[in-house]
Every structure is written in structure tokens, then in C-alpha cells.
Amino acid sequence: MNIGNPKSKSQKPKWAFTLVELLVVIAIIGILIALLLPAVQSAREAARRMQCSNNLKQMGLALHNYANVWKEYFPPAGAGGYRHALFTCMLPYLEQQALYDSMMALEREDPNNYSTFEDEAHKFTVIPGYVCPSWPHPAVYRDLASAWPLYIGEGAITTYQGVSGAYPDREPYVDGDGRVPQNGMFGKGYVRRMGDVTDGLSNTLTMGEFVHIDQGEKSFGSPPGNVRPWILGMGQSNQGMYTAKVLVYAPNAKVERFIEGIPYNHVPMGSHHPGAMNVLLGDGSVTSLSDSIDLTLYFQLATVNGGEPVSIP
């Protein structure tokens, strides 16, 4: 018996963390989280970029399937008067046949007054493949009239645009929303045939990402900025193009549309992927172009018949 000592000799002393040790453990955990977080974010962005690339790949297949049906002609960029154009034409080949049929039925009810600009019942329908997953803003916009001079931006957007060739000579507002050359895959007044692409489909830019928002406090300095609904084609005056852009500036160039007097058709393409944007080539393949790509090469890749001996870097 151990009457004099209430504690048994078999009892082991109890150990505990001191305050200093606890703070050290917390600091180590914090460091590990700080090291792992960029890797997690990088992995998420890699997944988003892959999904974006797949979106373009699917559009490439849609364009080729369309061309197979329409004697090797690609869809029109637009016909003016806010009529259906490029992104509507691709719908049947993107598993959106029911939506396409419903839109065509609505147009047939009143073909003389039909417009995608105002009371189109389908303009708020989101097409997931038309929006890059790295786009950090909403995909649908309503009630913009109070903040914008026009409500042209209302609807479900697309963060992709066709390529309307290159026009490297920068200009102020000329011809309304900016001149469009006749050397791109999609443009005004023509529909491009596969055989027209004498530079080679694998060396010709067909579509790319477009996410431009002005940095200032002007009308298009808040989302969706200069991004527009996929349902639009060309404006009423056949000047503004809502399905394609002319390459005048480098990808993701930080320009101000109103302050610098940049025509809408010439607003730079770009993305929210760090340092690069995804592009679709005429043969249906997808690649990534750096923001720092040589501009001469960039412009040459945008033309279908320039005859330049260039290829994708």
C-alpha cells in the first residue's frame, strides 16, 4: 500500500504542448497552406483552360459539319439587321437542334420584323460551350439600359469570336464601327469556302477568345464590357460585328475603346488565362497563343490568302 502518496507509482506523467510549440505548429501549417494554394489554383486554371480548349474544339467540329452540309462553305458572320449568324448556325451541330428549331419557328412567324436585338425569346438562353469557364462574371445580363446607352448587351453572352482577318493600320472611328478587310475567315459581304483558304486551314486562325472590358468608367467599363450575346449577328446598319473581330492589337492589349477612339470591330481579342489565349484553327485543331506573340506573325495567321510562309508557333 502507498498510503502516504495519493498517486500510484504506475501512473505516468501527462505531457502537453507549450504555447510556443503550438504557435510553431500553426505557423508550419500556414506555410504549407501558402505553398499548396498556388498549386491548387494552378491546377484549377489548367482544368478551366482545358475546358475552354474543348469548347473551341467542339465549335471547330460544328463548323466542319456545317461545311459538309453546305458544300464546304462556313457559316456567315452576319447578314445585318440583327439577323441570325455564326453562333446560331452552329447550334444544330452542338446538340442544340431543339433550340435552333424553336428560334427558326419564331422567325417564320414574322420574318419582316424579326430581330435578335430586342424581344427574342431565346436571347437569355445560356449555351455552356459558348462561355469560357475562366470568365469571372455572369453569363446572362438583364436590365442594362440604366447603365448603358443601349441594351445591346442584354442576353446570354459568348466569350468567343470569329476572326475577320487583320488590319494592322490603326485608325480612329471610320465606317461606323471600323473597317473590316476581306482577308479573314468571317467578314462582311461574303461567306468563306474551304477552298478559299489558300494559306492552309492548319495555319489560319478561325476563332478565338474575346473578353474585353474597358478599364475606365465609361459605358463599357463594367461587365459584360464589350462582350455581347451569342444570338446577335451584325448591327442594323451592317457595321458592328458581334460574331467576329479584326486583329489590330495584340491579344489582351489594355486599350480603352472610347478614350482611345477604337472602333468596336477592332477591339482586341483575349482571355482570362494567364499570359495567353486559346484559338481555333481552320482544320479544327486548337492551340494557345502568347500575349507576347510577334504581331506580324499574329496578323499573317489571321489571313486566309496572304501567301505568307508562316505556321503556328
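Trainee: Let's start with Thr243: does Thr243 count as buried or exposed, and why?

Mentor: Keep in mind that this is a predicted model. To call a residue buried, you look for a relative accessible area under 20%. Thr243 has 0% relative accessibility, so Thr243 counts as buried.

Trainee: Where does Thr243 lie?

Mentor: Thr243 is in the loop that links strand S4 (205-209) to strand S5 (244-247).

Trainee: And which residues does Thr243 touch?

Mentor: Leaving aside residues up to four places away in sequence, Thr243 touches Ala77, Ala85, Leu86, Phe87, Gln161, Gly162, Leu232 and Gly233. With Ala77 there is something specific to look at: the Thr243 side chain reaches the backbone oxygen of Ala77 at 2.6 Å.

Trainee: You mentioned S4 and S5. What is the order of the strands in the open sheet?

Mentor: Reading across, the order is S5-S3-S4-S6-S7, which makes an open sheet of 5 strands with mixed pairing. S5 and strand S7 (286-290) are the edge strands, each pairing on one side only. From one strand to the next, the twist averages 40°.

Trainee: How many bridges join S3 to S5?

Mentor: There are 3 bridges between S3 and S5, and these two strands run parallel. To find one spot on screen, go to Gly162, which stands opposite Ala244 in S5. Gly162 is also one of the residues that Thr243 touches.

Trainee: In which sense do S3 and S4 pair?

Mentor: Strand S3 (residues 160-166) pairs with S4 in the antiparallel sense, over 3 bridges. Here, look for Tyr160, whose bridge partner in S4 is Glu209.

Trainee: Which way do the side chains of S5 point?

Mentor: The general idea is that side chains in a regular strand alternate between the two faces of the sheet. In S5, Ala244 and Val246 point one way, while Lys245 and Leu247 point the other way. All of them are buried.

Trainee: One more feature. How many disulfides does the count come to?

Mentor: A disulfide is a covalent bond between the sulfur atoms of two cysteines. To count one, you want those sulfur atoms within 2.5 Å. By this rule the count is 0 disulfides.

Technical notes: Residues are numbered from 1 along each chain as its sequence is written. This is a predicted model: local features need pLDDT of at least 70, side-chain atom pairs count only at pLDDT 80 or more; totals for chains, interfaces and linings use all residues. Side-chain values use heavy atoms; hydrogens and water are left out. Helices (H or I, at least four residues) and strands (E, at least two) are DSSP runs, numbered from the N terminus. Buried means under 20% relative accessible area, exposed over 50%, partly exposed in between (1.4 Å probe, protein chains only). A polar contact is a pair of N or O atoms within 3.5 Å; within protein, one must be able to donate a hydrogen and the other to accept it, and residues adjacent in sequence count only if both atoms are side-chain atoms. Contact means heavy atoms within 4.5 Å. Two strands pair if DSSP finds at least two bridges between them. Axes are lines fitted to C-alpha atoms, for helices over the stretch in contact, and angles run from 0 to 180 degrees between N-to-C directions.
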